[in-house]
Amino acid sequence: MRELRMGTAEARFADMIWEREPVSSGDLVKLAYTEFQWKKTTAFTV
């Protein structure tokens, strides 16, 4: 079985979540927009 790895953006997003947990989905969307300029759908997909 192949080992899965996170990309750089996914890892930064995960770190952002872990540093601020517990974080609501609404706050997470705002943080993702501020940090990455991601729209809501992108934040939820990642």
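I began at Ala43 in this predicted model and looked up its partners in contact, setting aside neighbours within four places in sequence; what remained was Phe13, Val29, Ala32 and Trp38.

I then asked which residues make up the largest nonpolar core, and found Ala43 listed there together with Phe13, Met16, Leu28, Val29, Ala32, Phe36 and Trp38, eight residues in all. Tracing this core back to the helices, I noted that H1 (8–20) and H2 (25–36) each supply at least two of its residues, and that the largest share, four residues, comes from H2. I set beside this the general remark that nonpolar side chains tend to be buried together in soluble globular proteins.

Next I turned to Thr45, whose place is in helix H3, residues 40–45. Is Thr45 buried or exposed? I recorded a relative accessible area of 68%, and because the cut-off for exposed is over 50%, Thr45 counts as exposed.

My last entry concerns Glu21, which I located in the loop between H1 and H2. For the C-alpha atoms of Glu21 and Arg2, 19 residues apart along the chain, I noted a separation of 30 Å.

Notes: Residues numbered from 1 in each chain as written. Predicted model: local features only at pLDDT ≥ 70, side-chain atom pairs only at ≥ 80, totals over all residues. Heavy atoms only, no water. Core = buried A, V, L, I, M, F, W, Y, C linked by side-chain atoms within 4.5 Å. Buried < 20%, exposed > 50% of the residue type's maximum accessible area, 1.4 Å probe, protein only. Contact = heavy atoms within 4.5 Å.
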